[in-house]
Each structure stands twice: as structure tokens, then as C-alpha cells.
Amino acid sequence: MTDYTQKLAAWLHDPAEKALILLRDREGHEHGTVARLRAQLAIAAKAFDERADWLAAAADRPQWPRDSQKKYPTMEQVVFAREPELVHPLSGQRVRLDDLRSTLSTEQIKAASQAHFEALIVEGDARQTFLNFWRFGPELARLAPELGALWQIQPADTRVPDHTIWNHVDLVSAIHTALAGDANGPDQPALLAMSFGPVQGFIAQARSTSDLWAGSHLLSSLVWEALRSVVSRIGPDSVIFPALRGVPAVDRWLIEQDEFQGGTAGMRARFKAIKAEFLHFKDDTNPLFAASLPNKFVAIVPARQAQHLAEAAVTAVRQAVQTWAESAAKRVFDAAGLPCDNIVRDQIDAQLAGFPEAAWASAVWPVPTKECFRESSAVNTAAAQIKQALDTIHPDLQTQGVFAPTIWKTLNAQLQLDGVQFWSPSTGLLYAPVFELTDRMLAAAKAAKPFAALNQEGFRCSLTGEAEWLTHDRSLLSMNRKDREQFSVWGKTRGRFGIKRGEHLGAMATLKRLWPTLFAADVGAFLGTKMQRYVISTHALALSTSMEALIHAGLNEASLSRLERLVDEGDDTTTLPARLLVGLQPLSPDLRQRAATALKKLPVGMDSRREDTKPGADQRLAQFEYDLSELLGSRPETYYALIQMDGDRMGAWLAGNDDAYKLRYRDTWHSKVQVSSADLESRTPDLKRYLEAYRPSSPGRHMAISQALNDFSTHLARHVVEDCCKGKLLYAGGDDVLALVAVDDLFDCMQLLRLAYSGTAPHPSMGLTERVLSYDERKRDSPARLMLKDGFGYLRDRDRTSGRFMTLMGHKATASMGAVVAHHSAPLGMVLRELRTAEAAAKAAGRDRYCLRVLKRGGGEVAITAPWWSVADQDKKPQTGHSTLALMKRLAEMLAGTAFSRGAIYRAQLWFEGLTDGPATPAWREQLMGSLAWQFERQKGSAELAQAIVTHICDVLKPAKPLNAINDFLVTSEFFAREARSFRLAAVMRKKESA
């Protein structure tokens, strides 16, 4: 059993405010707040195994001179408060801040920190106190804004300011827990990696957006069940990837386990104090509805417990899915008035046996005794063991990464500066090969999965086509659809729980279809309210474009009454994008409520009239569509968009074997240390070799990646898709995003997601300023909600009184995206296949690209595959005029909001048919540019824009067939400028002209 007093001793070995008070406090950082907290918690000094700190520090940064007679003051004495500087852990970019000394005195900082942590202590409960420290320690800035957002990302070491104090104390605590072992005595730390699946195939088995969300959310929920099994035993600090602090599902668990024990820690009140959104939102915009955990995790665990922890996690996951599936089946059978008996439970047991697929692997990270911690023999012995293990996988692995001859020679050597020990190798530097070994073994375990045939009878599940459908009477399985409809549970529950006519579902499909209902009820019970079933249809999303135009045209009593007459009292409501409903805020509370209800009923009302088979239905539908078009001012939008984004080369980022994704040791040093060490470097060849060496992967690096992906998926992706745009986030787990977006917001949503992923500021030419700066369109002068710069991000809370400072992936990290625009009635399975094809096309074209495909209902397709932007060689930032999406948006704006006729595009297409496509020679380009400019001017367009389009496609995209690429560019832009979806583009154009 984990000793949480020892965990507290390890976590409190450094004060949270260390960077802000270092070399400014007479008490010294080890004798101030942490000493008083240890005394208050009755923690003896011997409770802390110093090897945990030594190993964590050695893995993440160099050692420093410690000779009392020959210190190097300029290298040691970085007064962070005077010269605050952060180094991005993945890109190496530097952020220099203003002098902090005048902001708060040392005593004020210490007093605030002391009071903060004392308030988190639960008397007599070390476990709950530790959980409070772990979760709320970084939140002081939100409770005391005068400390600023810097509190959340303070560096652990001011000389190497590339990893936070929170990462360091978490790591030390996790290693300490592993070293402490169990009742059998001390142990060694090990990396445990676990993976669950299948992923793509499971999610793709969807006939509705509800199924699509349910598949994503189910997988994320199952991963949390596995993680909960681990963190309940050894603490959340043990998980390296993904980062768990701030994940809504984890926060909910913290509240539930506290309230199960009587609520002594007051977890719910603490989360309310920091304005946790998952406690405030009473509908499907609640963050708990977002799937935000990837299907893989890595944790530091006691080596002897690795197998037990892994097996317990697998058991927990499979028990959870079994329980959920039985609950889903019981709901359906109870609604039909049929027994959910042993026949049904046997079917569920058989169909869910071995689900989900699970694989795990672990490898020991060796730690010598204190006496020989830095002895070369101990390091070499440990290295030899790891090399031997790597050799069993592939011989080349033992000469790669850290073990590459030149790197190993540099890092596995004593380095002295004028007789003072500077660098002494330890097994801390072996973290990278241990991670490599674990990852390779996990891949092998996944590849060697066993297969057991499933004996099924009769007709198959409508959704999966694999398992038989659930029934209380097995004789029904062999009946044809018409006959069994009358007797089966599925015929009796048609129209409920999202069950469609003719559907007969197996165990997994039943769980997926009922998951929105089950989860909404579960969240409602947690919040003490009634939650609506989570459903957003492609039709509702498509209509949101037209609804927004109606709202901005000015909803009043007259227009609202016309809208209410279109829908029936008995029509169900559906979920709408949160961004859409923001436009209703200026209305009175009564009008706002009526408008929201009518808008939510509109998509359902349209669908019910189209499905009506009663006499006169065609006439009623025609009248409905005519009245709606009159109200909207145009035909309602019928297209929507799906986005799928994936971070590029994430395996390489984590493995750290590619020099392009690594930093040299010198790149991570504070500028002052770099300058002060220049003389030493010039006369010490060994130091120069060390500084030129690339740092191997470390826990700090992995924690930085983990935290960056967590902040992106948990906070930024949802903010971009649902707050900045009219969209619904279906999945955001790490670097993966799956989202529904209204077509008129597609350009902006695509670019914002890509910028947010790397933390890159948008260029003014992208036209994203309004979306980034203002969430509430009535408050044009309000401060920015989202700021991105140099790999960092700052997201203000909705009331803008505080916010969250985030370290994102940085400019070296890239992402590829597929986007598909489709008619709302197109089969979702087909659209998903096209989406995966689009993403694959973006990857195949060279990564860091997108592929946008428009699937027209009448047949035909147009596609654009392009890099996100052309970048400068030095800063890797978007440059003006070089974003294909921004240029496409500019053309669409002119077509939608000016006298520029769309006829120019049609005439250009006809003209292109008579030309030969081929290499863009200067003469060919000149002729094409002149002719297209003449065509644009003839239709009251811009000749300069025509020239910019030809130049951009020929010089930036450089396609083999430029004429075909220009044609696709023009046709795609014209599609987005059509009447039903051009409201926002026209509004933006009018705003530009008025400015």
C-alpha cells in the first residue's frame, strides 16, 4: 500500500515558489515554506529518499559545481526574479519577461504560498492532503491573481528554465513511490506502458453523429477506467503521459472519492473556487462530454508491481464495459417490456469477451544505492543490461539514441571545470533507452494479439455487421427483418434512444447507441440536475449557418413568432453549437428562452416533416420549406463539415531519436548562464562537446509534451471549435482532433486549430483577429480570450478575471488535417471514409498540410491539398499572403460581399477546358495571369487577386498540373461563397470596406 506521508515528503522537497525566491531569501529555499509544511504535517526528514531527487534532476538537467571553495557564481546565481526567462522545452524559443522584483516581495510570495498550501491540508489524512497539493498547488494564481499566470509554469531550475517545478516535484514523488516499494521491501522504478483498442475501426462504426461521439467518448472513458485503477493505487503523479492534472474526468474522480469518504477535503468547493467549468455547465457543453484521453498511457511504477497494476487495469476496463453494456441493454428491454434475462447477458458476455484489446509492457529504470549512485561502474552495468534487452528486439537499437558511440562517450564521462566536478553520469540519463525499450515491447505485444473466433447465429447487428443482435428469444435471430420487427425488442423500441427503423443491434452497438443517454444521466446525477441526452445531428449543424444569419438579422417578436409557427409543440429539441446561442444574449430573458427553444426544434421539425407519410405530406413539406426560406431570406444551408487533425511524427517526438526534434544542452540554458560560461567553453573542449550534444529524451521532455497535448485537447481544441466557431468537438485526445463544424466557419476553424496546436500567433492576413480576441461579439473592447505566441498560449476564463498559461508544442511541431464538406443526408460511414482519405492525402503530400474535399450532393468532388502556409526559414511563422486558406477565404469574401459575380468562376472553368495543363513556364504563367485578371475585372472583380492566386499556386503549392489546381481553388472558393453559407463572409467583407 502506498505511503502518502512519504509521497508528501518527496513532493515537498522543493518549495513551489523556489524560482521566485531563489537567491533573494535569507532562509534559503529548503528552510522556508517547505520546512514549515513538513513540520505541520509531522514529516521526518528520513521519510525522503534523496535518490528520487538525484535521479529526476540527472534525467532532466546537468549537475552543477558544488565545491565550496571554487564555485562559479555567475553560473550558479541566476536571480530569476531579476532576469526571468523561460525556454520552450521542445522548440528552444525563449520568452523574456519583465523584472518581477517590484511586483511582490519575497515575504509576500512566501506568505501567499504558505497560506495556500496550509489551506489544502486535511488533518490526519496524508492521502487526501497529497491529492490536494497535487491538483491545486498550481492553481494559486487563479485564487490570488496578483501572482500572475507565471505561478503555473515556474521553472524547477532557474539555470535550465525549460521544465516546471510542478513537473519536477511530481517526478520526484513518483520515483520515490517506486523506490519505496511495498511490504516486501524497497524496489526499483519501472516504466509501464499500456494501450487499448481498436480505435479507428471502433469509432468509424457509426450511422449518426451520436454514434460517432459515443465511440470516441467510450474509448476515452475506458482509458480513464484503466488509469483510475493505477492512480488509485500509487497516485496521479505517477502518470507521465497523458498529463492528468486538469482533465475533467480526473477532477470528477477527485470529488467523488472525497465525497465517498465524507467530503473532508471539500473537493467540490475547491473546484468551484477555481471556477471549474465541469461544475457550472448544466448541458452538453460541459467539458465532461469531451473525449480528452488518448488510448495509450505511460507511468512510473514500482517494478515488482508492474504486472499486478497492468492486469488490474485491464480487469477494471473490461468490468466497466460489461457493466455499461448490461445497463444499456436493460434500458432497451425494460422500455420494450421484455425480460433482460440470462439469454441477453450470455450474448453480452460472448460479444464483449476480450474487449477492449489491451497490451502492456514494462521495463526497469535502474537506480543504484546512495553509496554508488554516481559511480561509473553502476551506470555501465545498468547500461549493459538495457543494451542486452534492446538487442533482443533489434541489434541496431543498442547503438542508437543515447547509446550512439559519440553521444555515449560524451555523456558517460566525468566532466571537470578547473578541478571542480561539473558533470558526473548517473542512471538518470538511461531514461531514454528505458522508454525506447518499453515502447518497442509494447508494439510487439500489440502485434502478437490472439484471435478467438466468435460463434454467432442468424442475422447480424445492423451497425457492426459482426455480432448477432440482442434478443430475449434466440428463435427470432433467424427470422427476416419484416417478421422479427413485430416481436423483437428493436421493433418495439424503434424511435427511442436513437434506434432507427429496421435496426437490430448487438451488445457493443447497443452500448454505443445508449451511451449518450447513460452518460447524460450519470453526469446529471453527479451535478444534481437533469441533463439532456447528448445528440447533435449533421442537419442541425448545417442549419446553424442559416440560424446564425437569422439571429444577426435581428430576431424580434414578429420574426420569432414566425419561427415558432414553423415548429410544433411536440417536436423534440436537438443540441445546437454553443457559439450559435451566444448571439441570443442581447434579447430579453423571455425572448431568449423562446428563441433558443424554437431554434433547437427547427432541425427535428424539418426531419419529421420529411419522414411524414400521411396524406398531404408533400404539400405540407413544400409549404414548410417555402415559409422557412422566406424567414431566412434564402434557402437553408444543407452542408456541414467534418475535421480530423493528427499531430505529425508523434512517435518521433516521444522517442527523441531524431535530432530535428531535440535540443542541444546549450539551447536549454538561461541566457545569463550561456554568456557566463563562454570563457570556460573556449578553454574546455570537453564542456564544448557536452554543450553541443543533443539532450536525450527525459521525463521532463515527456511531461512537457504530455502537458502541451493535454492543454491543447482539454482547453484549446474545445475553445476553438465550440467557442470561436459553430462546431462540436467529438474527440480531442492528445494530438488527435475530430470535430463537426459549420461550413461558414470551416476556414477559420482549420487555421485556428493548427495555430493553437503549436502555439503560433496568427498573421493578420488570415483574418482571425475577431475570433481570437472576442468570444462575446457585443464586447469588442474586451481583452483577448486567447493569445498565442512563440509556443505558449494564454486562455482567459469566460469572465476574463484570470486564465491559464500553457506551454504548447512549439513551432517545430506540425500537424496534418483532413476536412470534408458533405450534405447532411450523405451516409455518415461514407463521409468518414472520405475524411480518413483526406487526412491520409495530407500526410502523403509531405505532412504539415491539409486536404479539403467538397463532396457535392449532385455528384462530383473538388479537393485542395496544400501546406498550411509558407514559412520563413528562421522563425517558422506564417508569412503574409502565403496561407492558401486565407487566400481562398479572401476570394470567397469578395464573391459573397461585393459586386464580384460568381459567373467569373464559371467562365474561367469553360476557358480552362481549352487549355493544355503542364509545367508553369514563365510565358504560360504570364498569359494565364493576364487572362484570369481580365476575366475577374470583367465580372467586377479584382485583377490583383487573380494575379495573387496564380502566383500563390505556382510558387507555393507547385503542383504538377497548375491549371487543374487553379480550377479546384476557384471552384472551392465559389462553393463557400454561395448564398446559404455566405452570411459570415459577406459580413466580414462589409466590415473591411467600412473600416
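1. Packing of H32 and H35. In this predicted model, helix H32 (residues 746-758) packs with helix H35 (residues 884-897) at an angle of about 160 degrees, and their axes lie 10 Å apart. H32 is therefore roughly antiparallel to H35, since angles over 145 degrees count as such. The handedness of the crossing of H32 and H35 is left-handed.

2. Residues at the helix contact. On the H32 side, the contact is formed by Phe 747, Asp 748, Met 750 and Gln 751. H35 contributes Leu 885, Ala 886, Met 888 and Lys 889.

3. Burial of strand E5. Strand E5 covers residues 296-302. Six of its seven residues are buried, so E5 is largely enclosed by the rest of the structure.

4. Pairing of E5 with E3. Strand E3 (residues 189-197) is joined to E5 by seven bridges, and the two strands run antiparallel. Within E5, Pro 302 is the residue that stands opposite Pro 189.

5. Pairing of E5 with E4. Strand E4 (residues 239-241) is also antiparallel to E5, with two bridges joining them. Here Phe 241 has Val 298 of E5 as its bridge partner.

6. For the helix pair, the reader may examine the contact residues, including Phe 747 of H32 and Leu 885 of H35. For the strands, E5 may be viewed with E3, to which seven bridges join it, and with E4, to which two bridges join it.

Terms used
Residues numbered from 1 in each chain as written. Predicted model: local features only at pLDDT ≥ 70, side-chain atom pairs only at ≥ 80, totals over all residues. Heavy atoms only, no water. Axes fitted to C-alpha atoms, helices over the stretch in contact; angles between N-to-C directions. Helix = DSSP H or I, 4+ residues; strand = E, 2+ residues; numbered from the N terminus. Parallel < 35°, antiparallel > 145°, perpendicular 65-115°, else oblique. Left-handed = near helix turned anticlockwise from the far one by under 90°. Contact = heavy atoms within 4.5 Å. Buried < 20%, exposed > 50% of the residue type's maximum accessible area, 1.4 Å probe, protein only. Pairing = 2+ DSSP bridges.
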